[in-house]
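Welcome! Here is a short briefing to read with the sequence and the 3D view open. Take it one topic at a time.

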Amino acid sequence: MIALKTWRELRSMGIAYILILEALLIPAVVLWPDLRGGFDEITSLVDSPLISRIVDSIVEMVPAEFMQRIVRMILDNDEETSYRAYLAVQMFFKGVNIVGIAAAILLGTGMVSRERENQTLEFLLSRPASRSAILWNKYWVTAVIVVVPIFLTSWSARPMSALDPVNLDVPLDVLMICSFHNAAFVLVVLSLTTIFSVLAKSQVQTAFWIGGVVILQVALYFVQTIRRFSAFKLSDFDVYQPVMIGNQGFWELFTEQTVWLLLAAVVLYGIADRLFARTQP
């Protein structure tokens with residue numbers, strides 16, 4: 001009953017979430033041939049030492065070191081490798097890391113704090129179900145709505161890439177590996193949001209605290225010397241690019257990083273569950 005009610009409340013936002021992800025992906029795929037044509041014109045000039053130095057100077061003007069590496073990765077490889085690296089940026093590093101996290105925060109803020117704000121929490125707790133069951137039924141439905149669009153969007157990238165004018169193959173397995181890891185990262189954000197939602201008196205307070213955490217992590221990521229302290233290091237171009245171009249498989253990424261994200265999501269949810277067990281309406 002609680003799960004069904006949660007689904008009814010969130011399903012329209014879940015549909016909007018899918019449409020936003022697709023709206024970001026479609027123009028990125030469609031524009032690729034024009035971008036690649038520009039890259040080819042640049043690389044055809046790099047044989048000249050002077051032009052090579054000019055290109056290097058232009059790349060060095062890119063504001064962040066990791067962005068310079070992204071540009072060089074796309075410039076210095078064959079079309080298929082460049083396209084896969086480009087998709088790693090567009091779909092996972094940019095798309096889900098922005099829209100997916102925003103969805104996790106938007107949908108997660110109201111998990112408990114909306115009930116408290118609307119003065120319906122006491123009624124919810126009076127139901128013949130344990131507090132753990134109440135929170136879990138809200139959480140898993142929200143998690144499904146947040147995670148499934150990541151896979152749907154990545155699936156759609158394959159047939160879109162095979163059509164004119166792109167005409168490039170992107171293996172389904174690399175898309176699924178990246179989607180699984182990206183989904184684990186978003187679940188960490190959702191679990192942390194759930195903790196704040198349990199503690200906060202309103203959705204605004206929940207959004208303030210989780211938003212503050214995300215902004216701090218983004219700020220850390222853009223400073224080269226302290227980037228290693230940012231959680232976004234676990235979901236950046238350097239994570240997805242080796243998988244997308246075929247240099248890293250599922251098991252290696254899973255044992256090195258994904259499993260720890262899943263464990264973090266479980267631990268954070270467990271904390272939220274314990275806090276909810278002691279919460280007051």
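W136 counts as partly exposed because its relative accessibility is 43%, which falls between the 20% limit for buried and the 50% limit for exposed. Please keep in mind that this is a predicted model. W136 also takes part in an aromatic pair and in a nonpolar surface patch, so both topics come up below.

**The W136 and Y139 pair**

- W136 and Y139 sit 3 residues apart in helix α8, about one turn of the helix.
- A pair of aromatic rings is described by the distance of the centres and the angle of the planes.
- For W136 and Y139, the centres are 6.1 Å apart and the planes make an angle of 25°.
- This pair counts as stacked because its planes are under 30 degrees apart.
- Y139 is buried, because its relative accessible area of 7% is under the 20% limit.

**Other aromatic rings**

- The count of aromatic pairs comes to 15.
- Ring pairs also join F180, F250, W251 and F254 into a cluster.

**The nonpolar surface patch**

- W136, W140, V144, V148, L152, W155 and L172 make a nonpolar surface patch of about 620 Å².
- Helix α8 provides the largest share of this patch, with 6 residues.
- W155 is one of the patch residues, and its place is in helix α8.
- With a relative accessibility of 41%, W155 counts as partly exposed.

- T142 belongs to helix α8 and is buried, with a relative accessible area of 1%.
- Leaving aside neighbours within four places in sequence, T142 is in contact with T6, L10, L107, G108, M111 and L190.
- T142 and L187 are 45 residues apart along the chain, and their C-alpha atoms are separated by 9.9 Å.
- T194 lies in helix α9 and counts as buried, at 0% relative accessibility.
- Not counting residues up to four places away in sequence, T194 touches M111, L135, Y139 and A272.

**The nonpolar core**

- The largest nonpolar core has 76 residues, and Y83, L87, M244 and F276 have the most contacts inside it.
- The elements that give two or more residues to this core are α1 (2–30), α5 (79–108), α7 (121–125), α8 (131–162), α9 (172–199), α10 (203–221), α11 (237–244) and α12 (250–277).
- Which residues does F276 touch, not counting those up to four places away in sequence? They are V112, L121, L125, R131, I134, L135 and V198.

**The chain as a whole**

- The chain has 12 helices and 0 strands.
- Along the sequence, the pattern reads α-α-α-α-α-α-α-α-α-α-α-α.
- Of the 281 residues in the chain, 49% are buried.
- Among contacts in the chain with a separation of 6 or more, 78% come from residues 24 or more positions apart.
- The chain exposes about 13,900 Å², and carbon and sulfur atoms supply 68% of that area.

Note on methods. Residues numbered from 1 in each chain as written. Predicted model: local features only at pLDDT ≥ 70, side-chain atom pairs only at ≥ 80, totals over all residues. Heavy atoms only, no water. Core = buried A, V, L, I, M, F, W, Y, C linked by side-chain atoms within 4.5 Å. Buried < 20%, exposed > 50% of the residue type's maximum accessible area, 1.4 Å probe, protein only. Helix = DSSP H or I, 4+ residues; strand = E, 2+ residues; numbered from the N terminus. Contact = heavy atoms within 4.5 Å. Patch = residues over 30% accessible without salt bridge, like charges linked within 9 Å, V, L, I, M, F, W, Y side chains within 5 Å. Areas by Shrake-Rupley, 256 points an atom, 1.4 Å probe, with all protein chains shown as cover. Salt bridge = Lys/Arg side-chain N within 4 Å of Asp/Glu carboxyl O. Phe/Tyr/Trp six-rings, centres within 6.5 Å; stacked < 30°, edge-to-face > 60°.
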